[in-house]
Amino acid sequence: MEKTRLNILPVPTFSSLGVNYAEREMQQYETEAIRITESQEAPVRVDVTDSSAFEINASEGRALFVIQYIKSDSKLSVDTSIAASAGARVKLVQVFERLPEAVSKLKVTLADSASFELVQLVIGGGDNVIEDAVILDGARGAFTAELADSLAGSDRLDLNLIAEHRGRKTTSEIHLGTVLSGTASKIFKGTIDFKNGASGAKGSEQEEALLLGNCVRNRTVPVILCSEEDVEGSHGATVGRLDEKHIFYLRSRGICEEKIYELMARSKLMRAVSKIEDEPTKARIYKALGWGDDNE
Amino acid sequence: MKEKTQVGDIDRSLYDFRYEENEGDFLDRGLTPQIISEISDEKNDPDWMREFRLKALDIYNRTPMVEWGASTEGLDVDNIVTYIRPQSRMNTDWNNVPENIKETFERLGIPQAERESLAGVGAQYDSELVYHNVRSEVAESGVVYTNLESAMHDERYAEIIRSHFMKLVPPTDHKFAALHGAVWSGGSFVYVPKNVHLDIPLQSYFRLNAKGAGQFEHTLIILEENSYLHFIEGCSAPKYYEAGLHAGCVELFVGKGASLRYSTIENWSKNMYNLNTKRAIVQENGRIEWVSGSFGSHVSYLYPMSILNGRGASAEFTGITFAGEGQDLDTGAKIVHNAPETSSYMNTKSISKSGGKSTFRSSVAVNENAVGSKSSVSCESLMLDNISRSDTIPVIDVKTDKCDVGHEARIGRISDEAIFYLTSRGLSEQEARAMIVRGFADNVSKELPLEYAVEMNNLIGLEMQGSIG
Amino acid sequence: MSILLETKGLTAAAEDKELLHGVDIVIGEGETHVLMGQNGAGKSTFGCTVMGSPEYTVTGGKILFDGEDITSETADKRARRGMFLSFQNPVEIPGITLSEFLRNAIEQQTGKRIKLFEHKKNLAKAMEVLGMDSSYADRELNVGFSGGEKKKAEILQLLMLRPRLAILDETDSGLDVDAVKTVSKGIEEYRKSVGGTLLIITHNAKILEELRVDRTHILSNGRIVREGDGSLALDVLANGFEKYLGEV
């Protein structure tokens, strides 16, 4: 089978780093797109167990909350496209639970004053290739992303997020928390692209990666592209072990090192988990992460 | 909507003068084994170098152009004049330098700088060095500063050169490294013995004068244990209608506990393709500091690389890039942490105006063995108008948990608040803008020797001049 | 009366610079001591070194707690022995709530699991003493807290963890009058309910008013230059350090 280039970095860089694209064999699947509209009860919970496509449309001024819980023992692809009309508010939660091989593509277009909130949690997974492309087309569109991934063993993840600012005064705010252990390997490409005309736009991106173990590999590519003067863009990343100050503080309260790492690993994921306002989904996530029931 | 100040193109009259060349001194255009052999003949290469050049040409022909970076469409390498016979042999006495070349360098202020503040000077005019000199007390301390060709034929250094030349940047590295290997000419060889501290800098100045030509100088610097050197490199060329090519190569070997500062103010004419490769390898507790100002060139690919190969080695990179009209400057740095407790710090600024494009591109790799290492990158970009472009493309590749890696980047424009604050204190808006840009570039200018800081501020002043008045 | 904390000729350095040059302090169980000195005298260095901060390296001397040499122990072991340091600038820990953090810390120190319900009840009680809004329990630890809120959260931890020795590093600095009152109230509650030992690093007279100070130590350039009873602290607060600093 021929390999397809996925997760293409919008502007390529040094090829030896292996971050310009991911190449995977793609299965063709035929399925009619599942349509989700705002008439359905919130949140719309969807269990994804096979390759499937989704079309989510939020009409003017309406709100929509969708949760996709993706879990399967076989290889799968998920295509999700979202169109948010003027003033519409869409929230999407995507949970990827230990998928052996998956390709996910999310494409979102925002009209004037539309907002999109993405909460994406990747729990393990042999080989996940995930792309989130958000086009802020209208004026004052707002995009927030709270991403978290926890990879162990030989898990692999290639994550390509693109926030394309076309409209005036559009905003994007992206945060990623990562915990890697074992021989896990992750690539995060996060691009904020300010197109000419996106005056007054603001974009920020922050990644915090906690590495546990000396055989992990964490590649981060925080890109800002800019052809508009009147914008503010920033990105930041911290990668590595825990800050000594944090360790000392927690230790001085009697917490041992092993527990500190456990706590901090949890804290990296908690930001995303706490944004999932749905108890059944949360319970499933706690179970998947082995956190146990907090109320015992 | 507020009216934007138009910024004019730089007044380059200081750099744009030139003398006509005698075209009879040019080797034929193009790249064939015959031409490469002719260069070897001209330079009386030893056999290993003859073979090296031909092998590099073969690699050049087989290597594709990189898939990323600025466009090199306007560059016709096959039609570049790769070698120009010199008008005279290299001199150590300024009086013997041919009159027109002498005047060129006088106008660029090189001899004056040598008298005032340098320990040694080399000047390259097109393909060959025309002048090289070091102060006697420096030579007596055992410091060697000469051109690579003479060193290669000197039995004291022949073996050192053979064992170091293009070992750090092999011709297989990329297409223009291969080209360099085939046609290199001129450049400097510097050797600083153990425990020798050179308190005043050495400087090389590269001038590409001929039309449609390339300059391919090779700089090889070796610092022995616990030595110190500051090396300054300046480059310029007049503007022709035909594009020029600069594909130099810099290889720096920094020994245990040694420290090297390498400063460059690059001001090639704005139709030059500057595809330069610079690399340093640093041993235990050694240190490399790069200071880099990129103002000229039509297209630049420049990412000085530091390989921290010994425990406790460190690297610092401070850079500024100013991309004006018609310029596509792709600059940055690469750092490889390849030993425990190494540290790196990168601080860059870029400015885009009048349709110029600047790209900050970097990579920081922390390998499995680099436990206890630290790296911090900070890059800031300033957009001065709405027709320019500024991209930031960093990569951080971490393979150990026992490290601290931080990265920060910001892009924006000059804030209205800052302008308001300065104008409220009596500055015109234009003056306020120029002041803010100068302040923005301060990280680099404060790292440069005074004369160069002044030159850089002049360059910024010239770039911003259209906005004053 | 038994000695709880003792430092013998303690020298400590940060980044190769020696900051403490042989400090001897003896604190008896149940006593209240005050450590004073000008900015940069080494007060915080002393507090942090005693707690085992990796920022400082002990280059000489010993730290004894309850008669045992703890000089090379990690901070968590010291905490489990019953030592507590209230930080001048507590770190922010996003993603972990104050309540969750305290539950973990208590469980680690006691080795016993506590029921969430019980934990919440205890926490609410302690927060009430300090007049803290109950919503703080579910806020991320120190994230976005004001200076005063951070200090209150430190005292809250003091009440919840119930240590034998509490070192309060300028817990009262930068606070308004009401906040200082709250902190004093917290300290009083700690004395009353735990009967613990206190080492207070302070510049402030207010906080000492309610306390019976057993002993005062004045630190200058990393050395103890004067020691005395509670009246020494009050004298310094009223008249300044000058006359004591001149003695060495």
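Below is a chat about a predicted model with chains lettered from A.

Biologist: Before we start, what kind of model is this, and how are things numbered?
Modeller: This is a predicted model, where local features need pLDDT of at least 70, side-chain atom pairs count only at pLDDT 80 or more, and totals for chains, interfaces and linings use all residues. Residues are numbered from 1 along each chain as its sequence is written, while chains are lettered from A and ligands numbered from 1 in the order in which they are written.

Biologist: OK, which pair of chains has the most contacts?
Modeller: Of the two pairs of chains that touch, A and B have the most contacts. Two residues are in contact if their C-beta atoms, placed from the backbone, lie within 7 Å.

Biologist: How far apart are the nearest C-alpha atoms of chain B and chain C?
Modeller: They are 15 Å apart, and chains B and C do not touch.

Biologist: Back to A and B. How many residues are in contact there?
Modeller: 33 residues of chain B are in contact with 38 residues of chain A. On the chain B side, strands E20 (357-366), E22 (389-398) and E23 (403-412) each supply at least two residues. Helices (H or I, at least four residues) and strands (E, at least two) are DSSP runs, numbered from the N terminus.

Biologist: And what's that side of chain B like by class?
Modeller: The side of chain B that touches chain A has eleven nonpolar, eight polar and 14 charged residues. Here Ala, Val, Leu, Ile, Met, Phe, Trp, Tyr, Cys and Pro count as nonpolar, Asp, Glu, Lys and Arg as charged, and the others, Gly among them, as polar.

Biologist: Which strand of chain A is joined to E22(B)?
Modeller: Strand E17 (residues 217-226) of chain A; six bridges join it to E22(B), and the two run antiparallel. Two strands pair if DSSP finds at least two bridges between them.

Biologist: What about A with C, how many residues does each give?
Modeller: Chain A gives 19 residues and chain C gives 23 residues. On the chain A side, helix H1 (244-252) and helix H2 (257-273) are the elements that give two or more residues, and H1(A) has the largest share, seven residues. That side divides into six nonpolar, five polar and eight charged residues.

Biologist: Changing topic: which strands make up the open sheet in chain C?
Modeller: Six strands in the order E6-E9-E10-E3-E11-E12, with mixed pairing. Strand E6 (83-86) and strand E12 (223-228) of chain C stand at the edges, each with a single partner strand, so one side of each is left without a neighbour in the sheet. From one strand to the next the twist averages 20 degrees.

Biologist: How many bridges join E11 to E12 in chain C?
Modeller: Five bridges join E11 (residues 215-220) to E12(C), and these strands run antiparallel. Among the partners there, His217(C) has Glu227(C) in E12(C).

Biologist: And which helices pack at about 10 degrees in chain C?
Modeller: Helix H5 (residues 147-161) and helix H6 (residues 177-194) of chain C do, with axes 10 Å apart. Axes are lines fitted to C-alpha atoms, for helices over the stretch in contact, and angles run from 0 to 180 degrees between N-to-C directions. That makes H5(C) roughly parallel to H6(C), a label used for angles under 35 degrees. The residues of this contact divide into six nonpolar, three polar and three charged.

Biologist: Now chain B on its own. How many helices and strands?
Modeller: Chain B has 13 helices and 23 strands. Buried residues make up 56% of its 469 residues; buried means 20 or more other C-beta atoms within 10 Å of the residue's own, exposed means 12 or fewer, and partly exposed is in between, with C-beta atoms placed from the backbone.

Biologist: What domains does chain B have?
Modeller: The assignment gives domain 1 (15-415) and domain 2 (416-469); such bounds come from an automatic or database domain assignment. Their contact takes 20 residues from domain 1 of chain B and 21 residues from domain 2 of chain B. On the domain 1 side, E17(B) gives the most, with four residues.

Biologist: Last one: is Thr32(B) buried or exposed?
Modeller: Thr32(B) is exposed, with 11 other C-beta atoms within 10 Å. Thr32(B) is found in the loop between helix H1 (13-16) and helix H2 (33-43) of chain B.

Methods. Angles under 35 degrees count as roughly parallel, over 145 as roughly antiparallel, 65 to 115 as roughly perpendicular and the rest as oblique.
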